Amino acid sequence: MEWSELEAKCAACHGCALWQTRTNLVFGTGSRTASLMFVGEAPGEQEDLSGIPFVGAAGQLLDKYLEAVGIAREEVYIANILKCRPPRNRDPLPEEQDACIGHLREQVKLIRPKMIVCLGRISAMRLIHPDYRITKEHGQMVKKGAFLLTAVYHPSALLRDASKKEDMYRDMKAIRDTLRTLEAAEPQA
Ligand code: URA
């Protein structure tokens with residue numbers, strides 16, 4: 001599948017009811033040849049209004065971590081498990097995730113990243129394993145097929161609990177170091 005076909009498919013998707021209440025589809029943004037991909041859970045209010053993932057308060061905090069470890073936002077790709085905002089930012093329902101996950105898989109197939117970083121528990125439970133414990137397992141790298149998978153705290157968890165920020169900084173530095181090693185071993189085509 002090509003990007004244009006996938007975008008058209010997402011725009012026309014009625015796989016769950018969220019298309020009825022969204023303002024904009026939040027497809028994903030960034031480099032389509034990225035080595036590093038971030039996956040959050042679902043668009044929030046600012047994302048729904050703009051059509052761009054991670055632009056609200058949580059997104060601005062994510063930008064700060066990217067800058068702090070020397071990763072440009074333009075060099076990565078950022079998407080979510082859900083492409084449409086759940087009303088009042090409730091957690092995505094399992095059936096909404098089931099309906100939407102295929103779009104993310106197509107994005108991963110097109111990008112072929114070397115590493116995928118789950119932002120938060122919901123994304124990690126979906127992409128790494130269903131009983132993922134973010135407090136215990138964040139920062140651990142697991143090999144899955146052609147890429148490495150890891151998870152970090154969701155930036156909105158850091159906004160609620162500043163004591164997690166040290167762990168986030170450590171994880172982000174390790175992600176950068178691993179990424180640069182992978183890139184040096186095998187430059188992205
Ligand atoms: N939280 C998410 O998980 N995704 C976004 O795009 C914004 C906030």
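Select Phe 54 and the ligand: a backbone N or O atom of Phe 54 lies 3.1 Å from a ligand oxygen atom. That is a polar contact (a pair of N or O atoms within 3.5 Å). The model is predicted: local features need pLDDT of at least 70, side-chain atom pairs count only at pLDDT 80 or more, and totals for chains, interfaces and linings use all residues. Residues are numbered from 1 along each chain as its sequence is written, and side-chain values use heavy atoms, leaving out hydrogens and water.

Next, pick Glu 41. One of its polar backbone atoms is 2.9 Å from an oxygen atom of the ligand. Then go to Asn 80, where a polar side-chain atom lies 2.8 Å from a ligand nitrogen atom. Alone, the ligand exposes 240 Å², and the protein buries 92% of that (Shrake-Rupley method, 1.4 Å probe).

Now show the residues around the ligand, among them Gly 40, Pro 53 and His 154 (a heavy atom within 4 Å). By class, this shell has 3 nonpolar, 3 polar and 2 charged residues.

Move on to Arg 73 and Asp 63. Their side chains meet in a salt bridge at 3.0 Å, N to O (a side-chain nitrogen of Lys or Arg within 4 Å of a carboxyl oxygen of Asp or Glu). Arg 73 is in the loop between α3 (57–68) and β3 (77–80), and Asp 63 is in helix α3, 10 residues apart. The structure holds 12 salt bridges.

Notes:
Polar contact = N/O pair within 3.5 Å; in protein donor to acceptor, adjacent residues only side chain to side chain. Nonpolar A, V, L, I, M, F, W, Y, C, P; charged D, E, K, R; others polar. Helix = DSSP H or I, 4+ residues; strand = E, 2+ residues; numbered from the N terminus.
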